[in-house]
Amino acid sequence: MRDWLIGLGVAIAVVIATWGILILLAKRLPPGVLRDLAAFIPDCVTTVRRLRKDPRVPRKAKIAIVFAGIWVASPIDLIPEFIPVIGPLDDIIVVALCLRYAGRQVPRDVLLAAWPGEPRLIERLLGPV
C-alpha cells in the first residue's frame, strides 16, 4: 500500500511539474507557434473553468467541458505526461475536440470571452462560423 501511495504521489508531482513548465514557457517564450502550444493547455483550463460557470452554456456543452477538464487533471493518460513534447498531446486533442463540440452549441462571443489566450487560436479551433 505504501508503494502505491508513493507512486501516486510521484505521478501527481510529475503532472504538476509538467503544468508548471507549460505555464512558465507560455510566459517566457517569444510570440510564435511554440508559445501558442505551451499556452494552449493553461488557456483551455481557464476556458473550461469560465464556461462551466456561465449560465448561457447549455447542459450538454457543460458536460463536454467538464469532461475535458477532468481529462486534463487526470494523471491517467493515453500518452504519459513525462514523455517530452508529445506527453500533453492527448490532453490537447481531447480538450480541442470538447471545445469544438461545445462551440457548436455555445454562442461564439461567449467562447471568445472565456478564452484568455490569442483569439485567433480559438477561432481556428472552432472553424468557420
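The dialogue below walks through several features of a predicted model, one at a time.

Q: What should I know about the numbering and the model before I begin?
A: Residues are numbered from 1 along each chain as its sequence is written, and this is a predicted model in which local features need pLDDT of at least 70, side-chain atom pairs count only at pLDDT 80 or more, and totals for chains, interfaces and linings use all residues. Side-chain values use heavy atoms, with hydrogens and water left out.

Q: How many helices and strands does the protein chain have?
A: Helices (H or I, at least four residues) and strands (E, at least two) are DSSP runs, numbered from the N terminus. The protein chain has 6 helices and 0 strands, and from the N terminus on its elements run α-α-α-α-α-α.

Q: What share of the residues in the protein chain is buried?
A: A residue is called buried under 20% relative accessible area, exposed over 50%, and partly exposed in between, with a 1.4 Å probe and protein chains only. Of the 129 residues in the protein chain, 34% are buried. The accessible surface, which comes from the Shrake-Rupley method with a 1.4 Å probe and, for residues, counts only the protein chains shown as cover, amounts to about 8300 Å² for the protein chain, and 69% of this belongs to carbon and sulfur atoms.

Q: Which residues touch the most other members of the largest nonpolar core?
A: In soluble globular proteins, nonpolar side chains tend to be buried together. A nonpolar core is a set of buried Ala, Val, Leu, Ile, Met, Phe, Trp, Tyr and Cys residues joined through side-chain atoms within 4.5 Å. The largest one here has 25 residues, and L51, V57, L99 and V106 touch the most other members. At least two residues of this core come from each of α2 (33–53), α3 (59–73), α4, α5 and α6, while the largest share, 6 residues, is supplied by α4.

Q: Which residues does L51 touch?
A: Contact means heavy atoms within 4.5 Å. Not counting residues up to four places away in sequence, L51 touches V57, K62, I65, L99, V110, L111 and A114.

Q: Where do the buried residues of α6 lie around the helix?
A: In α6 (residues 119–126) the buried residues are I122, L125 and L126. Seen down the axis of α6, these buried residues fall within an arc of 95°, so they line one face of the helix. They pack against α4 (89–105) and α5 (108–114), and just after α6, G127 takes a positive phi of about 85°.

Q: Which residues make the nonpolar surface patch?
A: Patches are made of residues with over 30% relative accessible area and no salt bridge, where like charges are joined within 9 Å and nonpolar side chains (Val, Leu, Ile, Met, Phe, Trp, Tyr) within 5 Å. Here M1, W4, L5, L8, I12 and I16 make a nonpolar patch of about 670 Å². One of these residues, L8, is found in helix α1 (residues 2–28) and is partly exposed, with a relative accessible area of 34%.

Q: Which side chains meet in a salt bridge?
A: A salt bridge is a side-chain nitrogen of Lys or Arg within 4 Å of a carboxyl oxygen of Asp or Glu. A search of the whole structure finds 1 salt bridge, in which the side chains of D54 and R56 meet (2.9 Å, N to O). D54 counts as buried, at 12% relative accessibility.

Q: Which residues is P116 in contact with?
A: P116 sits in the loop between α5 and α6 and is partly exposed, with a relative accessible area of 37%. Leaving aside neighbours within four places in sequence, P116 is in contact with D43, T46, T47 and R50.

Technical notes
The arc is that of the directions from the helix axis to the C-beta atoms.
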